[in-house]
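Please read them with the structure open.

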Amino acid sequence: MPDLDTETRHLARADRAIAAGERRIAEQVERIAHLRRCDLSIAAAEQLLHTLRQTLIGWQDTREEIRRTIARIEAVARPGPAPQA
């Protein structure tokens, strides 16, 4: 079973990747708006935006899996109710 320290590091890495992805998406949306204002082609920019959004979804899914793993580790480590006599 994975250990809590490792999963906590993985969670932090996923959180950083998500934050960076969200920034990249916001920047790309601004680029697309600029291209539209300049009446330039946005096809490639929109494809990149789609890829960025798909990547973000993957990182969000990964983060949720890490959170579930952490919850399982914590549940095992948590003392259960005392056995009944």
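1. The side chains of Thr69 and Arg72 are joined by a polar contact of 3.1 Å. This comes from a predicted model, in which side-chain atom pairs count only at pLDDT 80 or more.

2. Thr69 belongs to helix H2. Its relative accessible area is 10%, and Thr69 is therefore classed as buried, the cut-off being under 20%. Once neighbours within four places in sequence are set aside, Thr69 is in contact with Pro2 and Glu7.

3. How do H1 and H2 pack? Helix H1 covers residues 4–37 and helix H2 covers residues 43–77. Their axes lie 9 Å apart, at an angle of about 160°. H1 is therefore roughly antiparallel to H2, as angles over 145 degrees are counted that way. The crossing of H1 past H2 is left-handed.

4. Which kinds of residue make up the contact of H1 with H2? The division is 18 nonpolar, 5 polar and 10 charged.

5. Asp39 sits in the loop between H1 and H2. Asp39 is not a glycine, yet its phi is positive, at about 55°.

6. Is Asp39 buried or exposed? With a relative accessible area of 71%, Asp39 is exposed, since the cut-off for that class is over 50%. Thr69, by contrast, is buried at 10%.

Technical notes: Residues numbered from 1 in each chain as written. Predicted model: local features only at pLDDT ≥ 70, side-chain atom pairs only at ≥ 80, totals over all residues. Heavy atoms only, no water. Axes fitted to C-alpha atoms, helices over the stretch in contact; angles between N-to-C directions. Helix = DSSP H or I, 4+ residues; strand = E, 2+ residues; numbered from the N terminus. Parallel < 35°, antiparallel > 145°, perpendicular 65-115°, else oblique. Left-handed = near helix turned anticlockwise from the far one by under 90°. Nonpolar A, V, L, I, M, F, W, Y, C, P; charged D, E, K, R; others polar. Buried < 20%, exposed > 50% of the residue type's maximum accessible area, 1.4 Å probe, protein only. Polar contact = N/O pair within 3.5 Å; in protein donor to acceptor, adjacent residues only side chain to side chain. Contact = heavy atoms within 4.5 Å.
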